[in-house]
Amino acid sequence: TASALGCDAAAIYLLDDATSVLKMRGCIGLPKSRLAAPPRPLRGSLGDLEALLGNAVLIEDIGAMPQWQSPEEFGSAMVIPIGSLQMPQGTLWLWSERRKTFNSNEVEIGKRAAGELMSILERRILCKEVSEARQVTRAVDEIATRQASRLPDEQPLDRRIDLAGMTDAGDKVATQFHTWTLRPDQQ
């Protein structure tokens, strides 16, 4: 996307769970050491905040427009939201060394790239959730099997007495057990 738009660098910044900071999660045209940098606070990051409201932010001259607070020193930038108003995930920054005026076609290309990034994120999140759900299901099945093996068998305590008992767990995993035993005094 960066090369298609004539940009020299790009970076993906994702929000943390508290939506208070943005952490760089991927970049091109920048030193890879930037990935280890601490997250940027969202508070005061006007370019990111405006983009997260669903707007593409076009900064034709970063030096003349410091209020947009570009995280990198370049001539111009485009900031595109990743996600939606209901579920913001972060921002995509695209930078050009020289001053550049972005046209509507270039904005659409940036939006499509951000949409594709969101699709990739959603697939990864879904795969992780499915994997975790399978692990939980296996663990619950294992616990249920262990619990079932610990339940008392149906041996009569005395042929003259018919006793029965039942524990209704309501779920697969029971939290109560019962058993019948004879004490030494045969009670």
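This is a predicted model: local features need pLDDT of at least 70, side-chain atom pairs count only at pLDDT 80 or more; totals for chains, interfaces and linings use all residues.

Visitor: Why is strand β5 called mostly covered?

Guide: A residue is buried when its relative accessible area is under 20%. In β5, residues 76-83, seven of the eight residues are buried.

Visitor: How do you know that β4 and β5 pair?

Guide: Two strands pair if there are at least two bridges between them. Strand β4, residues 57-59, has three bridges with β5, so the two pair, in the antiparallel sense. Across from V57 you will find V79 of β5.

Visitor: What makes β5 and β6 a pair?

Guide: The cut-off is again at least two bridges. β5 and β6, residues 88-96, share eight bridges and run in the antiparallel sense, so they pair. G83 stands opposite P88 in β6, and a hairpin of four residues joins β5 to β6.

Visitor: How do you know what span to expect for helix α2?

Guide: The expected span is 1.5 Å times one less than the number of residues. With 47 residues, α2 is expected to span 69 Å, and its first and last C-alpha are 69 Å apart, so the helix comes close to the expected value.

Visitor: What makes N103 a cap for α2?

Guide: A polar contact needs N or O atoms within 3.5 Å. A side-chain oxygen of N103 lies 3.0 Å from the backbone nitrogen of N105, at the N-terminal end of α2, so this pair is inside the cut-off.

Visitor: Which strands do the buried residues of α2 pack against?

Guide: They pack against β4, β5 and β6. Among these buried residues are V107, A114 and M118.

Conventions
Residues are numbered from 1 along each chain as its sequence is written. Side-chain values use heavy atoms; hydrogens and water are left out. Buried means under 20% relative accessible area, exposed over 50%, partly exposed in between (1.4 Å probe, protein chains only). Contact means heavy atoms within 4.5 Å. A polar contact is a pair of N or O atoms within 3.5 Å; within protein, one must be able to donate a hydrogen and the other to accept it, and residues adjacent in sequence count only if both atoms are side-chain atoms.
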